[in-house]
Amino acid sequence: MNTMIIMAAENVNFFAKTWDVFVKYQPLFLNAIRSTLLVAFVGTIAGLLIGLLIGAIRAITSGNEVNRKPAIRIIHKVIYAITGIYVEVFRGTPMMVQAMFLHYTLFAPIFHWSPITSAMVIISVNTGAYMAEIVRSGIQAVENGQLEGARSIGMTSLQTMRYIVLPQAIKNSFPSIGNEFVVNIKDSCVLNCIQFSELFFVAKSVQGSTFSYAEPFLIVGIIYLVLTFVTSRILGYIEKRLNHKRSSYPASVTTPDSGVLKG
């Protein structure tokens, strides 16, 4: 009985001390939350733009090119190989290694970038490699009949990609795109290796001041859990809204070249 009372008292003291640590270092934790969300958001949006570009290029250059000129086929193969190297390098190496190499050999000594600028660029190019494959799979999921229909009304390959393929690819890939944002919130902790002041970096700083590991890392763990939980629910709501779309085609469709096609 006495042992249980002692353990209960220790637990109360632990959580009270954890709350005191949070209150005392609250400005540091709040700044770290802002930095973490900023880098994750910018990295996801920029990574999506990179992924759209690389994914579209890889989808176009990986197709059947029997009817194309030999020079065009060679150019496409070279472009496909270059984009493939980018994807494989950034997907096949840890982001911490990328951060250490790029920041300390290129960004800081040559461009004199701050850690937060380097962090946004690093997480963007890393996310772009994953987004490229996500977008490419979304593009390949679009039915060939829609591509043939677009060509039959005179749309160019670029117009078909812009107006027909990419909007559907983004919608089809939205769950994976949203998941990348959640992953970036958590994976931003590896960027503490370049002195970027995110949540994990702040937890280590608080630990050095309090000489205690449990309290600051419990606080950071709870913060990460809340951020990812709320973000996942928001993304889930958006996904549900996207899927709750028209069950039938609209009466008319406007195309960039041919005006209005009657349904």
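How are helix 2 and helix 5 oriented to each other? They are oblique to each other, as seen in this predicted model. The legends below describe close-up views.

**View 1. Packing of helix 2 against helix 5.** Helix 2 spans residues 26–61 and helix 5 spans residues 115–140. Where the two helices pack, the angle is about 40° and the axes are 5 Å apart. Because angles under 35 degrees count as roughly parallel and 65 to 115 as roughly perpendicular, helix 2 and helix 5 are classed as oblique. The crossing of the two helices is right-handed. Sorted by class, the residues in the contact of helix 2 with helix 5 are 19 nonpolar, eight polar and three charged.

View 2. A search of the whole structure gives three salt bridges, and one of them joins Arg58 to Glu133. The closest N and O atoms of Arg58 and Glu133 are 3.3 Å apart. Arg58 belongs to helix 2 and Glu133 to helix 5, so this pair ties together parts that are 75 residues apart in sequence. Are Arg58 and Glu133 buried or exposed? Both residues are buried. For Glu133, the relative accessible area is 17%.

**View 3. Salt bridge between Arg136 and Glu133 within helix 5.** The side chains of Arg136 and Glu133 meet in a salt bridge with an N to O distance of 2.8 Å. Both residues lie in helix 5, three residues apart, which is about one turn of the helix. Arg136 has a relative accessible area of 17%. Because buried means under 20% relative accessible area, Arg136 counts as buried. Salt bridges link Arg58, Glu133 and Arg136 in a network.

View 4. The closest N and O atoms of Glu215 and Lys17 are 4.0 Å apart, and the pair forms a salt bridge. Glu215 lies in helix 9 (residues 214–243) and Lys17 in helix 1 (residues 2–24), so the bridge ties together parts that are 198 residues apart in sequence. Glu215 is buried, at a relative accessible area of 5%. Lys17, by contrast, is partly exposed, at 41%.

**View 5. Stacked rings of Phe111 and Trp113.** The structure contains ten aromatic pairs. One of these is formed by Phe111 and Trp113, whose ring centres are 5.2 Å apart and whose planes lie at 25°, so the pair is stacked. The cut-off behind this label is that planes under 30 degrees apart count as stacked. Phe111 is partly exposed, with a relative accessible area of 43%. Trp113 is also partly exposed, with a relative accessible area of 31%.

**View 6. Tilted rings of Phe200 and Phe217.** Phe200 and Phe217 form a tilted aromatic pair, with 5.6 Å from centre to centre and 55° between the planes. Phe200 lies in helix 8 (residues 199–210) and Phe217 in helix 9, so the pair ties together parts that are 17 residues apart in sequence. Phe200 is partly exposed, at 29% relative accessibility. For Phe217 the relative accessible area is 27%, which again counts as partly exposed.

**View 7. Aromatic cluster of Trp19, Phe22 and Phe29.** Which residues do ring pairs link into a cluster? The members are Trp19, Phe22 and Phe29.

**View 8. His112 in the loop between helix 4 and helix 5.** His112 is not a glycine, yet its phi is positive, at about 60°. The residue lies in the loop between helix 4 (95–111) and helix 5. His112 counts as exposed, at 63% relative accessibility.

**View 9. Phe211 in the loop between helix 8 and helix 9.** Where does Phe211 lie? Phe211 is found in the loop between helix 8 and helix 9. Phi of Phe211 is near 55°, a positive value in a residue other than glycine. At 74% relative accessibility, Phe211 is classed as exposed, because exposed means over 50% relative accessible area.

Methods
Residues numbered from 1 in each chain as written. Predicted model: local features only at pLDDT ≥ 70, side-chain atom pairs only at ≥ 80, totals over all residues. Heavy atoms only, no water. Axes fitted to C-alpha atoms, helices over the stretch in contact; angles between N-to-C directions. Helix = DSSP H or I, 4+ residues; strand = E, 2+ residues; numbered from the N terminus. Parallel < 35°, antiparallel > 145°, perpendicular 65-115°, else oblique. Left-handed = near helix turned anticlockwise from the far one by under 90°. Nonpolar A, V, L, I, M, F, W, Y, C, P; charged D, E, K, R; others polar. Buried < 20%, exposed > 50% of the residue type's maximum accessible area, 1.4 Å probe, protein only. Phe/Tyr/Trp six-rings, centres within 6.5 Å; stacked < 30°, edge-to-face > 60°.
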